[in-house]
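I opened this structure to look up a few things. My notes follow the order in which I checked them.

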Amino acid sequence: MAKEIYANIPEGDLKDKWSNYKAQAKLVSPNNRKKMEIIVVGTGLAGASAAASLAEMGYQIKAFCFQDSARRAHSVAAQGGVNAMKNYQNDGDSVYRMFYDTLKGGDFRSREANTYRLAECSASLIDQAVAQGVPFGREYSGYLKNRSFGGVQVSRTFYARGQTGQQLLLGSYQALMRQKENGKVSMYTRHEMLELVVVDGKAKGIIARNLDTGKIERHGAHAVVLATGGFGKIYYLSTLAMGCNASAIWRAHKKGSWMANPSWTQIHPTSLPQSGPYQSKLTLMSESLRNDGRIWVPKAQDDQRPPHEIPEEERDYYLERKYPSFGNLAPRDIASRAAKEQIDAGKGVGALKNAVYLDFKDAIKECGKETIAERYGNLFSMYEKITGINAYKEPMKISPSAHFSMGGLWVDYDLMTNIPGLFAIGEANFSDHGANRLGANSLLQACVDGYYIAPYTLQNYLSDQIQVAKTDVSTEEFYQAEKQALQQLEEFVSCKGNKTSEEFHRELGKILYDKCGLSRSDEGLQEAIKKIQQLREEFKENLLVPGDVEDINSELEKAGRVSDYMELAELMCLDALTREESCGAHFRKEFQTEDGEALRNDEKFSFTSAWEWSGNPQNPILNKEPLTFEFVQPTQRSYK
């Protein structure tokens, strides 16, 4: 039975909500903080910033990551920049404009209060990052540089060439390591969370596997924070690292945490195109390149000429033609669909005809090669290293690719799931982006959640737990969770089939990309659900996992992640099927305007889908959180 949802949004005017919350939030005194333990799973930007901040306050932190170092979290791969409302360019930016851009970019499918808070907290991040030593680009005068990203008409993106994620991660990493040396953080590298432990309705710990020894471990705490990123790797071919997965949030979902809007996944418009069936990942090329690069295809179908032989009058700069107000900086969902339209129309370029051109000829002519190299030099070098093509002389070839998850665990205004004591931050939750994330807001959300929001909201929850003793990991709940985790691992190893989890993952990814990717339809989603169910049954019967449970076993790790993907994939398709509208990245072919744009249905679908696990992946329970707009009136999104 569907449940009524309370997001716990503070009273008051939009601009006062977060200030009111902080003024009224309950606190924990310093002498009590040192008695309390918090588990943080994931040590990317969101996890590392949260763990460092909470440790600085005096809490005892246990931080877990499956990499050999927190520095290898996938946050390191973010390239183009981080948004913040500083208005250094004096071009009309404001907190409200940033809030509205983000809300509109997500097609009015996010909470006003959460989205406004993201914009409100953004300015503080830049000051903190500079203090940490993040080498943002600077003007000759010494002021920080800005550039634009898609879906906005101001310059609010701060950047460190094409390595912004890496530099921000190093800042949070050094803060984390400082607390480790102070004895406030216990690091558990090469550990993977297998189960969430719930005691008396509250999150009280996790079951983790030491990936170097195979040992199953129990860890207890007063609260658990999941900062494990998104699930874009479910498509197999994506911009995400091979290790990225959904297992932590999915195991939490199966323990009762709701999954919100799982079908809202972003296809990034600028990645390197697939060059063959042997590939296991795709390479992101930063959206920042669209500041100076112009995207085009030949006007003629199946044009075999090299780009320099195609004259201007025979080129279609289709984004500039269709969206003159924003041009090549149209939002990602729109730019990706537009590229797919051109490719499907037979105008794709490259060996597989699966790409479009990103051309810097005009920018180099206007600004000079040195200026373009200063802005994007490492990206041009990376492109040449991978493709052998010098992008200063010849256009890049780019193609849409799976990238980011707007969906994730449902959280309230406190970033707490419906399980008390379980928090989800960064890309692991659904809270800020609606149906489409604007570029450079991912790094922002991760940092804001970890540095500025979680320290307040966790303390508000923990203030009622100060009389609670240290969690006992010998209880029946921990025993059953460990037993369940071990049983699944043993089932994988004992299956003795002849098909690896990698092969299953590749098949699953193709089903999803074809039927639940850039465009969806009723018929296609129904077909995908049937295929996923069949593939999941085959996975149970024919999986091959060599080696043992109690040893280093990367194939065993993959099996668990793909098993979770098999269930999540069906929920994604069910979510897309039940939402009979188009909004943001969720584009249903049956629901579009006359000129092919997304057609929302605010009357019936202005809500957040919060799916509840029923014990059967085929029959989840749909709960709905209505989206109430008090301060903004949703309009038909237009970038023309």
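I started with two helices, H4 (residues 95-105) and H5 (residues 112-132), whose axes come within 8 Å and cross at roughly 135°. I took the axes as lines fitted to C-alpha atoms, for helices over the stretch in contact, with angles from 0 to 180 degrees between N-to-C directions. That makes H4 oblique to H5. Angles under 35 degrees count as roughly parallel, over 145 as roughly antiparallel, 65 to 115 as roughly perpendicular, and the rest as oblique. Helices here are DSSP runs of H or I with at least four residues, strands are runs of E with at least two, and both are numbered from the N terminus.

I noted that this is a predicted model, where local features need pLDDT of at least 70, side-chain atom pairs count only at pLDDT 80 or more, and totals for chains, interfaces and linings use all residues. Residues are numbered from 1 along each chain as its sequence is written, and side-chain values use heavy atoms, with hydrogens and water left out.

Next I listed who meets whom. From H4 come Val95, Tyr96, Met98, Phe99, Thr102 and Leu103. From H5 come Glu112, Thr115, Tyr116, Ala119, Glu120 and Ser122. Contact means heavy atoms within 4.5 Å. I sorted the residues of this contact into seven nonpolar, three polar and two charged. Nonpolar covers Ala, Val, Leu, Ile, Met, Phe, Trp, Tyr, Cys and Pro; charged covers Asp, Glu, Lys and Arg; the others, Gly among them, are polar.

Then I turned to a sheet. It is open, with five strands in the order S11-S15-S14-S12-S13 and antiparallel pairing. Which strands stand at the edges? Strand S11 (265-271) and S13 do, each with a single partner strand, so one side of each is left without a neighbour in the sheet. Two strands pair if DSSP finds at least two bridges between them.

S12 pairs with S14 (residues 356-359) over three antiparallel bridges. Arg294 has Asp359 as its bridge partner in S14. Two bridges join S12 to S13 (residues 315-316), also antiparallel. There, Val297 is partnered by Asp316.

Last, I checked Lys26, in the loop between H1 (17-24) and H2 (30-33). Lys26 is partly exposed, at 38% relative accessible area. Its C-alpha atom is 9.7 Å from that of Leu458, 432 residues apart along the chain. Not counting residues up to four places away in sequence, Lys26 touches Gln459, Asn460, Ser463 and Asp464.

Definitions and conventions:
Buried means under 20% relative accessible area, exposed over 50%, partly exposed in between (1.4 Å probe, protein chains only).
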